[in-house]
Amino acid sequence: MKPEEFLQGVSLFHSLSDSDREALAASLKRRSLKKGEALFRKGDEGSTLYIVKAGSVKIVLPSEMGDEVAAAILSKGDFFGELALLDGMPRSADVIALEPSELLALNRNDFIAFLTGNEGAIVAIFSYLSMQLRRTDELLEDAHFLNIPTRFARRLVELGRKYGGAAEAGGPVEIGLRLTQRDLASIVGTTRESINKELRVLREKGLVAAEGDTLQILDMERLEKRARL
């Protein structure tokens, strides 16, 4: 697929004309990441917007104690790094590849030139930022008011809905990401030991099947009830 064709499926660029997307595609640079490789760390200088072309990455908020919370998992068609381009401030989080991934990079100068006079793109960016703020509010609310079993079930439902392969109604849903228990702990905002315990409980209840870093939701309806959705 040509870069300009791929951009048509990215929300930020969907409203552009074919000629605009073609011009923008000429400015994109490719960047490949190995599994576990960090694209950048919190505090690094920010001068590039990234689009996930293949694979997946996690946006991680690290602590000085070495703990981390995964604020988001992004896959094909998602983009990130736009905040640094808009405010010129250092990166606010780490970005780490969950699997071998390919990214498309757009630098600050090309990005600003692209935005100039492009109302549709500006609206798309603010819509995206608003969505991210709402997502952060939801994570904070969950952390304060939901217990670990409920939070974990909720994150699994979200992962199943976004990354689950096609399944028959009521059938098993395999999460199309390879996530370690540490990854899951980061997503939920808890410890690996707590995730290990919760996975054991969910397996015993017949809600999930887990082998290595492969996860399968066996009963989405019951898991949704556990997640209070």
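**Close-up 1. Phe40, Tyr50 and Phe80 are tied into a cluster by ring pairs.** Here, rings of Phe, Tyr and Trp (its six-membered ring) pair if their centres lie within 6.5 Å; planes under 30 degrees apart count as stacked, over 60 as edge-to-face and the rest as tilted. This is a predicted model, so local features need pLDDT of at least 70 and side-chain atom pairs pLDDT 80 or more, while totals for chains, interfaces and linings use all residues. Residues are numbered from 1 along each chain as its sequence is written, and side-chain values use heavy atoms, with hydrogens and water left out. Searching the whole structure turns up four aromatic pairs. In one of them, the ring centres of Phe40 and Tyr50 sit 6.2 Å apart with planes at 40°, so the pair is tilted. Phe40 belongs to strand E2 and Tyr50 to strand E3 (residues 48-54), ten residues apart. Helices (H or I, at least four residues) and strands (E, at least two) are DSSP runs, numbered from the N terminus. Phe40 and Phe80 also make a tilted pair, with centres 6.2 Å apart and planes at 50°. Phe40 is buried at 10% relative accessibility, and Phe80 is buried at 5% (buried means under 20% relative accessible area, exposed over 50%, partly exposed in between, with a 1.4 Å probe and protein chains only).

**Close-up 2. Four strands form an open sheet in the order E2-E7-E4-E5, with antiparallel pairing.** Two strands pair if DSSP finds at least two bridges between them. Strands E2 (38-40) and E5 (68-75) are the edges, each with a single partner strand, so one side of each has no neighbour in the sheet. Strand E4 (residues 56-62) and E5 run antiparallel, joined by seven bridges. Pro62 stands opposite Glu68 in E5.

**Close-up 3. Helix H4 (residues 108-115) has Phe111, Phe114 and Leu115 as its buried residues.** They span an arc of only 95° around the axis, which puts them on the same side of H4; the arc is that of the directions from the helix axis to the C-beta atoms. Asn109 and Ala113 are exposed on the face turned away from the buried side. Just after H4, Gly117 has a positive phi of about 75°.

**Close-up 4. Thr190 sits in the loop between helix H7 (181-188) and helix H8 (192-204).** Thr190 is buried, at 19% relative accessible area. Beyond its neighbours within four places in sequence, Thr190 is in contact (heavy atoms within 4.5 Å) with Ile148, Arg151, Ala185 and Ile195.
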